[in-house]
Amino acid sequence: MSTIWSQIRIFLNDLYFPKIQAIDIVEILILAFLIYIFMEWIQRTRAYTLLKGILIVVLFILVATIFQMAAILWITQRLASVALLALVIIFQPELRKALEQLGNKSLLSSVFLFENAGEKGERFSDRTISEIVRAVNEMSEVRTGALIVLEQNILLTEYIDTGIMLDAEVSSQLLINIFEHNTPLHDGAVILRGDRITAATCYLPLSDNAKISKKYGTRHRAGLGISEASDSFTIIVSEETGRVSCAYMGVLTTGVTASGLREQLHQMQKRTLRMRDARIPRFRKGWKKDET
C-alpha cells in the first residue's frame with residue numbers, strides 16, 4: 001500500500017501546476033468573450049453555411065490522415081499553401097463587413113441586446129401573422145405585386161441598407177399602401193424584423209437557378225434569391241396572376257392559400273422559438289416543381 005501512495009506522490013510531484021494570477025483570469029475572460037462574439041457573428045451571417053462546409057472538408061482530411069490515404073494527403077499538402085488565401089477570398093464580404101462594424105459605436109449594444117420578440121419569446125407575434133396574411137390576401141385579390149421578406153436567424157442588414165428605413169409596426173394597411181401602384185415605396189422588397197417593418201424598396205439578390213420557370217419574373221427570382229442567400233422566409237404576390245408564392249431555403253412554393261400561408265408563418269414562429277430556447281445565454285441576437 002505504501003508503494004502505491006509513493007508512486008502517486010511521485011506522479012503528482014511531476015505534474016506542472018502553473019501559478020494563476022488575476023491577469024490570467026482576465027485574459028481568459030477576454031478570450032472567451034471574443035470567441036463568443038466571433039461565433040455569434042458566424043452564426044448570423046452566410047459564413048455559417050460556408051464554415052460548416054469547411055468543417056466537413058477538415059473531417060474528411062482527418063479521416064484520410066487516420067487511415068493513411070496517401071493520395072488524398074499528398075493533394076492536401078499541395079493545396080495547404082493556398083488554403084489561407086482561398087479562405088480570405090471566400091469570406092471577403094463577411095470579413096469586410098466585420099471590420100466596418102469594429103468602428104461602429106453600436107457594436108456592443110447590438111451584441112448584448114436582449115431579444116425583444118414579446119412576452120412569449122417569438123420573433124414575431126400572432127398579431128403580426130394575422131396582419132401579414134390579411135394584407136397578402138387583399139393584395140392577391142386585386143393583383144397587387146408584393147415582395148415581403150421575414151428575417152430569421154441570419155441578419156439582413158446589408159439588404160436593409162439598400163432600402164428606405166421605416167421602423168414601423170406591422171399592419172395590413174401599411175403593407176398594402178407600400179405596394180400600391182405608383183407609390184414611392186412600391187418598387188422593391190419590404191423586410192420585416194420581428195414585429196417591425198424595418199425598410200422598404202430594398203434590393204435583393206436574384207437567383208441564378210436555371211430550373212426556375214421562365215414565366216416567373218424578377219420579383220420571384222429576387223424572392224428565391226434571398227432565400228438562397230439566407231434563412232429568411234419570403235412571400236411573393238404575383239402582379240400578373242395574383243397568386244401567392246413562398247420561398248424558403250432555396251425552395252419556391254407556388255399557389256399558397258391564405259390558410260397555408262398562416263400555417264407556414266406559424267411554423268416559422270415555432271422554429272424561431274426553438275432556436276431561441278437553445279441559445280444560452282439569451283443574447284440577441286429547394287426548389288419545387290411548378291404548379292399550374
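Beyond its neighbours within four places in sequence, S227 is in contact (heavy atoms within 4.5 Å) with S232, A247, Y248, M249, G250 and V251. The model is predicted, so that local features need a pLDDT of at least 70 and side-chain atom pairs count only at pLDDT 80 or more, whereas totals for chains, interfaces and linings use all residues. Residues are numbered from 1 along each chain as its sequence is written, and side-chain values use heavy atoms, with hydrogens and water left out.

S227 belongs to helix α10, which spans residues 218-229; helices are DSSP runs of H or I with at least four residues, strands are runs of E with at least two, and both are numbered from the N terminus. With a relative accessible area of 1%, S227 is buried (under 20% relative accessible area; 1.4 Å probe, protein chains only). A polar atom of the S227 side chain lies 3.2 Å from the backbone nitrogen of G250.

Strand β4, comprising residues 196-202, is mostly covered, as six of its seven residues are buried. Strand β2 (residues 164-169) runs antiparallel to β4 and is joined to it by four bridges; two strands pair if DSSP finds at least two bridges between them. Within β4, R196 stands opposite E169. Strand β3 (residues 189-193) also pairs with β4 in the antiparallel sense, over four bridges, and C202 in β4 is the bridge partner of A189. Two residues separate β3 and β4 in a hairpin, and G194 in the turn has a positive phi of about 70°.

Key
Buried means under 20% relative accessible area, exposed over 50%, partly exposed in between (1.4 Å probe, protein chains only). A polar contact is a pair of N or O atoms within 3.5 Å; within protein, one must be able to donate a hydrogen and the other to accept it, and residues adjacent in sequence count only if both atoms are side-chain atoms.
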